[in-house]
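Hi there,

Here is the structure I promised to pass on. Please have it open while you read, and my notes on what was found follow below.

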Amino acid sequence: MSKVFLFLFLSWLLGNPFLAIIVLLFIVYFIDRRYVGLFPSLSKPLKRGRSISRLRQQLAASPFDVSAKRELARLLLERKKYAEAHRLLEEAKEASETSAEFWDDLGTACLGLGRIEEGEAHMLHALSLNERVKYGQPYLRLASAFRERDPQKALQYAARFGEIQSSSSEAYYLLGSLYQLLGSKEEAKQAFDESIAIYRSLPKYKKRQERRWALRSFLKRGTLG
């Protein structure tokens, strides 16, 4: 009801219901970005685009800059430009053999290109170099990649991430989603409950980044009956 009253107030104040809707959506977006984080950032893609342009210019002037290639590849992965990112990473491979972050990025590019087994091998190599590389995120990516083609393997990878990130609502949200996919409702409910419980136990500065996973777990749990 408060949203209805706010809409009516804005309509009266602005004299235009369509403008009131736009303002109301902006308010909802601002509150979400400040306290929840379900909506994507509008400024992040712009900043990423500027960084990509800068790195392209840098590589045009210095084609053998390995650091610039890897940074550009990472940004391209965020944009899901997997083919170009893969090419840049292959060019940087010789100078990056001992970097767990490099092998994780290369594995991510392969997963994005549909080369699942190759991507898995690269990510497992990254984890063999440093199991906590990127806070265990390779396990999450592998769990997502195998979610439908091999749910049991996906569960194993998600469980490994959960062991590393025992205070992560995201890890237990993924576990619950995988259990739900397998038809294991009781295990799914327990995982979603754990996701919510972890969120409630976190300090304030950590809750911001985990809030959306706790909310999704709450909504998913409600679908289990």
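Let me start with the chain as a whole. Among contacts between residues at least 6 apart in sequence, 47% join residues at least 24 apart. Please keep in mind that this is a predicted model. Of its 225 residues, 37% count as buried.

Now to a pair of helices. Two packed helices are described by the angle between their axes and the distance between the axes. For helix H10 (residues 169-181) and helix H11 (residues 185-201), the angle is about 165° and the axes are 8 Å apart. Angles over 145 degrees count as roughly antiparallel, which is why H10 is described as roughly antiparallel to H11. The crossing of H10 past H11 is left-handed.

- from H10: Ser-169, Tyr-172, Tyr-173, Leu-175, Gly-176, Ser-177, Tyr-179 and Gln-180
- from H11: Glu-187, Ala-188, Ala-191, Phe-192, Glu-194, Ser-195, Ile-198 and Tyr-199

By type, the residues of this contact comprise nine nonpolar, five polar and two charged.

Next, the aromatic rings. The structure holds five aromatic pairs. One of them joins Tyr-173 and Phe-192, with 6.2 Å from centre to centre and 45° between the planes, a tilted arrangement. This pair links distant parts of the chain, since Tyr-173 sits in helix H10 and Phe-192 in helix H11, 19 residues apart. Are these two residues buried or exposed? Tyr-173 has 14% relative accessibility and therefore counts as buried, and Phe-192 is buried as well, with a relative accessible area of 0%.

Elsewhere, ring pairs link Tyr-139, Phe-146 and Tyr-157 into a cluster.

Two single residues are also worth a look on screen. Ser-177 is in helix H10 and is one of the residues in the contact with H11. Its relative accessible area is 2%, so Ser-177 is buried. What does Ser-177 touch, not counting residues up to four places away in sequence? The answer is Arg-147, Phe-192 and Lys-220. Phe-192 is thus a partner of Ser-177 as well as of Tyr-173.

The other residue is Ile-164, in helix H9 (residues 151-164). Ile-164 has a relative accessible area of 12% and is therefore buried. Leaving aside neighbours within four places in sequence, Ile-164 is in contact with Glu-131, Arg-132, Tyr-135, Gly-136 and Tyr-139. Glu-131 is 33 residues away along the chain, and the C-alpha atoms of Ile-164 and Glu-131 are separated by 8.6 Å. Tyr-139, another contact of Ile-164, also belongs to the ring cluster with Phe-146 and Tyr-157.

Notes:
Residues numbered from 1 in each chain as written. Predicted model: local features only at pLDDT ≥ 70, side-chain atom pairs only at ≥ 80, totals over all residues. Heavy atoms only, no water. Axes fitted to C-alpha atoms, helices over the stretch in contact; angles between N-to-C directions. Helix = DSSP H or I, 4+ residues; strand = E, 2+ residues; numbered from the N terminus. Parallel < 35°, antiparallel > 145°, perpendicular 65-115°, else oblique. Left-handed = near helix turned anticlockwise from the far one by under 90°. Contact = heavy atoms within 4.5 Å. Nonpolar A, V, L, I, M, F, W, Y, C, P; charged D, E, K, R; others polar. Phe/Tyr/Trp six-rings, centres within 6.5 Å; stacked < 30°, edge-to-face > 60°. Buried < 20%, exposed > 50% of the residue type's maximum accessible area, 1.4 Å probe, protein only.
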